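Here is a short tour for a first look. Keep the structure open and follow along.

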Amino acid sequence: MLKYDLHTHTFYSKCSNMKPEILLKTAKKHKLNGIAVTDHGTIKGALNVKRLNKDKNFEVIVGEEVSTQYGDVLAYYLKKQIKTTDFFKLVEEVKKQNGLVIIPHPFRATLLPTYKFKLPLDKVKDKIDAIECFNARMIFSRDNKKADNLANKLNIAKTGGSDAHFKFEIATGYTLFEGDLRKAFKNRKTRVDGTIRYGAFGGLLSFLRKRV
Ligand SMILES: [Zn+2]
Ligand SMILES: [Zn+2]
C-alpha cells in the first residue's frame, strides 16, 4: 500500500513558509511514498522539490492550486504552469498536459471567506478526476464527510491531503492506494484518512502570514 499526501505547499505560496527541502525531508520522515506539491498559482515550488528528490522510491507530483471563478482547483502532473483562472479553460489546459483535475475541499466552511466550490460537481463530473475527501485543514470534519458522500454518489475517485503550509502539518492527511496513482484514480481504488487536529491552527498561521 502506498501513502501519498496529495496537497502540500511551499514558500512559493504567500501563505506558507515551507522550504522545499524541509517539505521533502519531513514527508520522507513520515514514511510517505510521495507528495503532490500544489502551490497557489505556480509550479516553481513543485519543480524545486522534484529537483531535490533523489529517491527513486519517492514520487514528487508537480501540481498547482488555481483559484478559478468557482473556487480552488488542484492540477497534478503538470509540465507547464496553468495560466488561466477560468475553470473550463483550466480543464482543457490540464488535459492537454495529460494532467489530472481534482476539486479540493469542495465544502470547506470557515469563519473567513468561504471556500465552497460554486459549481454543482455532478454537472462537471466528466471533467474532474477526483474529489478531495480528506483535507486536514478543515474546521468541521463534517465538511470532509460531505465530500466523501458526494464522491461515493458520483462514483469519482477520492484524494486526501494535509494542505500543509507549515512543517507540523505534513502528512496529517493522506491518500492510500496500490500500484499507480492514475490507475487507482481511474478504478476508484483510493482511500483517504488523516487528522484535522491541527487544521484550524494551520489556517490561522497562513492567514497571519498573508497579512504581513
Ligand atoms: Zn494557502
Ligand atoms: Zn492548498
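## Overall build

The chain holds six helices and nine strands. Its radius of gyration is 15 Å, close to the 17 Å that the globule rule gives for 212 residues, so the chain is as compact as a globular protein of that length. This is a predicted model.

Along the principal axes, the C-alpha atoms fill a box of roughly 40 × 40 × 30 Å. Of the 212 residues, 53% are buried. Residues 24 or more positions apart account for 67% of them.

## Surface and charge

The chain carries 41 positive side chains and 22 negative ones. The centres of these two sets lie 2 Å apart.

## The zinc site

Which residues are the protein donors of the zinc ion (ligand 1)? They are Cys 15, through SG, and His 40 and His 165, each through NE2. These donors lie 2.1 to 2.3 Å from the ion. Their spacing in sequence is C-x24-H-x124-H.

Cys 15 and His 165 link distant parts of the chain, 150 residues apart. Cys 15 sits in the loop between β1 (2-8) and α1 (20-29). His 165 sits in the loop between β7 (157-161) and β8 (173-177). Both Cys 15 and His 165 are buried. There is also a zinc ion listed as ligand 2, and 4.8 Å separate it from the zinc ion (ligand 1).

## Helix α1 and its neighbours

Start with the buried side of the story. In α1, the buried residues are Pro 20, Leu 23, Leu 24, Thr 26 and Ala 27. They pack against β1, β2 (34-40), α2 (44-52) and β3 (59-68).

Just after α1 comes Lys 31, which takes a positive phi of about 65°.

## Two buried residues

Leu 78 belongs to the loop between β4 (71-76) and α3 (87-96). Is Leu 78 buried or exposed? Its relative accessibility is 7%, so Leu 78 counts as buried. Leaving aside residues up to four places away in sequence, Leu 78 touches Ile 43, Val 62, Gly 63, Glu 64, Val 94 and Gln 97. Ala 36 is 42 residues from Leu 78 along the chain, and 11 Å separate their C-alpha atoms.

Asn 144 is found in helix α4 (residues 141-154). Asn 144 counts as buried because its relative accessibility is 5%, under the 20% cut-off. With residues up to four places away in sequence again left out, Asn 144 touches Cys 133, Phe 134, Asn 135, Met 138 and Ile 196.

Ala 171 is not a glycine, yet its phi is positive, at about 75°. Its place is in the loop between β7 and β8. The loop that holds His 165 also runs between β7 and β8. At 14% relative accessibility, Ala 171 counts as buried.

Arg 188 is another residue other than glycine with a positive phi, here near 55°. Look for Arg 188 in the loop between α5 (181-186) and β9 (191-194). How much relative accessible area does Arg 188 have? The value is 43%, so Arg 188 is partly exposed.

Notes:
Residues numbered from 1 in each chain as written. Chains lettered and ligands numbered in written order. Predicted model: local features only at pLDDT ≥ 70, side-chain atom pairs only at ≥ 80, totals over all residues. Heavy atoms only, no water. Donors = N, O, S within 2.8 Å, 3.2 Å for Na, K, Ca; no water. Helix = DSSP H or I, 4+ residues; strand = E, 2+ residues; numbered from the N terminus. Buried < 20%, exposed > 50% of the residue type's maximum accessible area, 1.4 Å probe, protein only. Rg over C-alpha atoms; globule rule 2.2 N^0.38 Å. Contact = heavy atoms within 4.5 Å. Lys, Arg positive; Asp, Glu negative; His and termini not counted. Charge placed at Lys NZ, Arg CZ, Asp CG, Glu CD.
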